[in-house]
Amino acid sequence: MLKRLLASREILLLGAIMALLALIATRFPGFVAPSNLAGVFNDTAPLILLAIGQMIVILTRCIDLSVAANLALTGMVVAMINVAAPGMPIGVILIVAILLGTLLGMVNGLLVWKLDIPPIVVTLGTMTIFRGIIFLISDGKWVNSHEMSAAFKALPRTELLGLPVLSWIAIAAVLIFALVMRRTTLGRAFYAVGGSPHSATYTGINVGRTQFWAFTISGALAGLTGYLWVSRYAVAYVDIAGGFELDVVAACVIGGVSIAGGIGSVAGALLGALFLGVIKNALPVVDISPFWQLAISGSAIIIAVAVNARANREKGRIILKSAEHAA
Amino acid sequence: MLMHAETAAHAARAAAPDPAPILALAKVTKEFPGVKALSDVDLRLYPGQVTALIGENGAGKSTVVKTLTGIYQPDGGEILVDGAPRRFATAQDAAAAGITAIHQETVLFDELSVAENIFLGHAPRGRFGLIDWAEMERCAEEILVGIGAQIDPKVRLRDLGIANRHLVAIARALSIDARVVIMDEPTAALSHKEIEELYELVESLKAKGKAILFISHKFDEIFRIADRFTVFRDGQLVGDGRMADVTEADLVKMMVGRDVSQIFPNRERRIGEEVLQVVGYDHPTEFADIGFTLRRGEILGFYGLVGAGRSEFMQALFGITKTSKGITKIDGRLSAIRSPADAIENGIVYVPEDRGRQGAITDLPIFQNVTLPSLKRTSKNGFLRLAEEFRLTREYTTRLDLRAASLDTNVGSLSGGNQQKVVIAKWLATQPKVIILDEPTKGIDIGSKAAVHEFMAELAAQGLAVIMVSSEIPEILGMSDRVIVMREGRIAAELAGEDLTPETLVRHAAGI
């Protein structure tokens, strides 16, 4: 049991994060103060939300490159709604954001399911289209802080039991999707489809429809994050979260999600995102140039993939009788 | 060992005024764990002659091809080139000796041009060692014209049909100056006109003095183009000689006339009421007019050559391919099966041929594999009930005597036999009425085969209706109550009782 626990990717990653924090603490003890760690978590919350959705998509042997563009488009739409109708309750804004994100995710899912287009092509296309639509509806203009209503900007910052709502939303998403992945038939279907699409087909699972749901969930989370992002930074423009989809994929990969599908967990996505979050926040503190940050994040990705590839390598057939028990 | 070579060559010379064989196998043996694939076999290929290699599936034909082309190393015996023993450590060694094989699915590169495919690896070089394209295309053209092929060497391979691809493969064989050409079921995917063209090509290769090994299931083509035959059965040589000296009946007898070496379970046949009725299944390109009935407790064999459309029909019946039409009645009730989920709901399950790819999901634990098709029963409103899943899994793994440390173990860490038990438990847990087993014992050793046969008999005894797709005659004969023979997408015969003999099976399957 202990052996299994140690071999688990999630535990390994947790250990790596702890080691990283310990290392930082030797040079800058203030970084590991609870209040600062809470700040790091809050800062990483959007990445966690998107990584959960991306994890599910990757699990089904797909990829969603449009998450950041979906976030930006949804963010722009709700910001413009807020400018046009400042009195609209935040609850309605939240629902609009989630619904719009879901719809955009469904577009990806339908293209993959019904037209059988490779996911990387579909989402590369929709990524560009979503960004283009932002430009069209905003005329390329920014929605600035002073145009947004106070209530619109307040929600993610409101503190609840010592943590901002943004953090609580990330925590809730982790718990809900951990439950979905482990305890629902849909969650099981995601694993089955990624593990072996052929087997899944023969057991009566509709592979395309399952992938559609994965994109839909990813879209819903991106939409939710869209509102949170725009309201937290109090600005919306065409290029917000530009390139963020790569951070999201990186978080998944570091979190042990197999790009080949079928392997991954919510805990992994969470820890992968936190690992990147700690690096991003810690390096400036310990006075390392931002260029090194990029190099270190990149190295972390390659190391994580190498470690996972080693763990997943086929053991080979056991032909020798003597090896049977040793294995 | 050199003695063999001399005696073999001597024997050949004494028997007839034949030229010396270019390539020969002398007492070659090849073993795999649990199986003796080839046992002391001899084979001789003469210049300017076509030798047909005949045998059932599993007779050792593919092993011979792989041994001749350097993919397998023989465990005993020798490969002789021009009478001298040679070792082919790699496929390149065999190619260097002038041996080339054209497979059922030719190994070529879709995105390269015809000329590149022909000269890949030995392209003519110009200055600075760069490929001389003009020269390469000129040479390709020359070879293609030589074999009567009207193919532009500049065209990409993917734009060619199957017949022309074969011609390119043959052109490639000629470009490396092959002396021995092995054709492994070259006509399997060709139309009648294309087959005629292939025959002409074989004639022209003969005229050039090449030795040809022609592997085919189809007797008409063997009699049409072969000069000699070699028959294998269960990895042993059972006869060879000149085509002129034998009849079809002789060859069939050699192929199948076996001692019943495998023991099949002696089962009590309790055949019950009709459970499945299939009427008029049609597919635009794969099969037509398939209809039959199936009773409880019955094992219905589906025999045919590879490519006869058996698996394709089964996939349609199971709702995987949706372009086919047909009526399915289960227990007399009309059942609309539009997806595998519908089929499972209606009590039909399908255990596909390739267990590695289509059977168990190795990254998931045992219990998740077993309950996957039964999730509707073990879940409530979309939420899993793990206790129920473990109960169901335990029930069926115990019945199958599956031993594992925990039901939470990943299937990938189990032995092959146990993985198979997981797959069977998975299907039994759906409580099916009809179970379709597609090549259930393909590629497994004799001991495991017997276990699968036992199990099949037990399923039938419990009142399940079993459809067994198999290309192995002993298995079909040993297990089936009734056999449907398919040929070229249609039912060629339905055999039972005294009509069910190795000869009738082969005749109907090959269309003699």
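Tutor: In this predicted model, the meeting of the two chains involves 19 residues of chain A, which are in contact with 23 residues of chain B. On the side of chain A that touches chain B, two helices, α9 (185–195) and α10 (197–202), each supply at least two residues, and α9(A) gives the most, with six residues. By residue class, that side of chain A divides into six nonpolar, eleven polar and two charged residues.

Turning to the chain that carries this surface, chain A has 15 helices and two strands. Its C-alpha atoms fill a box of roughly 75 × 55 × 35 Å along the principal axes, and its radius of gyration is 21 Å, which agrees with the value near 20 Å that a compact globule of 327 residues would have. Of those 327 residues, 47% are buried, and among the contacts in chain A between residues at least 6 apart in sequence, 78% join residues at least 24 apart.

Two helix pairs within chain A show how such contacts are made. In one pair, helix α2 (residues 9–27) of chain A packs against helix α13 (residues 266–285) of chain A at an angle of about 15°, with the axes 9 Å apart; because angles under 35 degrees count as roughly parallel, α2(A) is roughly parallel to α13(A). The crossing of α2(A) past α13(A) is left-handed. From α2(A) the contact draws on A:R9, A:E10, A:L13, A:L14, A:A16, A:I17, A:L20, A:L21 and A:I24, and from α13(A) on A:A267, A:G268, A:L271, A:G272, A:L274, A:F275, A:V278 and A:A282. The residues of this contact between α2(A) and α13(A) comprise 13 nonpolar, two polar and two charged.

In the other pair, the axes of helix α3 (residues 34–59) of chain A and helix α12 (residues 244–254) of chain A come within 8 Å and cross at roughly 70°, which makes α3(A) roughly perpendicular to α12(A). This crossing of α3(A) and α12(A) is right-handed. Here A:L47, A:L50, A:A51, A:Q54, A:M55 and A:I58 in α3(A) meet A:D247, A:V248, A:V249, A:A251 and A:C252 in α12(A), and the residues of the contact fall into nine nonpolar, one polar and one charged.

Along its principal axes the C-alpha trace of chain B spans about 70 × 55 × 45 Å. Of the 512 residues of chain B, 44% count as buried, and among contacts in chain B between residues at least 6 apart in sequence, 67% join residues at least 24 apart.

One helix of chain B gives a local view of this burial: in helix α19 (residues 502–510) of chain B, the buried residues are B:L505, B:V506, B:H508, B:A509 and B:A510. The cover over the buried residues of α19(B) includes both helices and strands of chain B, among them α8 (219–225), α9 (248–256), β13 (299–304), α18 (473–479), β21 (482–487) and β22 (490–496). After α19(B) comes B:G511, whose phi is positive, near 75°.

Conventions
Residues numbered from 1 in each chain as written. Chains lettered and ligands numbered in written order. Predicted model: local features only at pLDDT ≥ 70, side-chain atom pairs only at ≥ 80, totals over all residues. Helix = DSSP H or I, 4+ residues; strand = E, 2+ residues; numbered from the N terminus. Rg over C-alpha atoms; globule rule 2.2 N^0.38 Å. Buried ≥ 20, exposed ≤ 12 C-beta atoms within 10 Å, placed from the backbone. Contact = placed C-beta atoms within 7 Å. Axes fitted to C-alpha atoms, helices over the stretch in contact; angles between N-to-C directions. Parallel < 35°, antiparallel > 145°, perpendicular 65-115°, else oblique. Left-handed = near helix turned anticlockwise from the far one by under 90°. Nonpolar A, V, L, I, M, F, W, Y, C, P; charged D, E, K, R; others polar.
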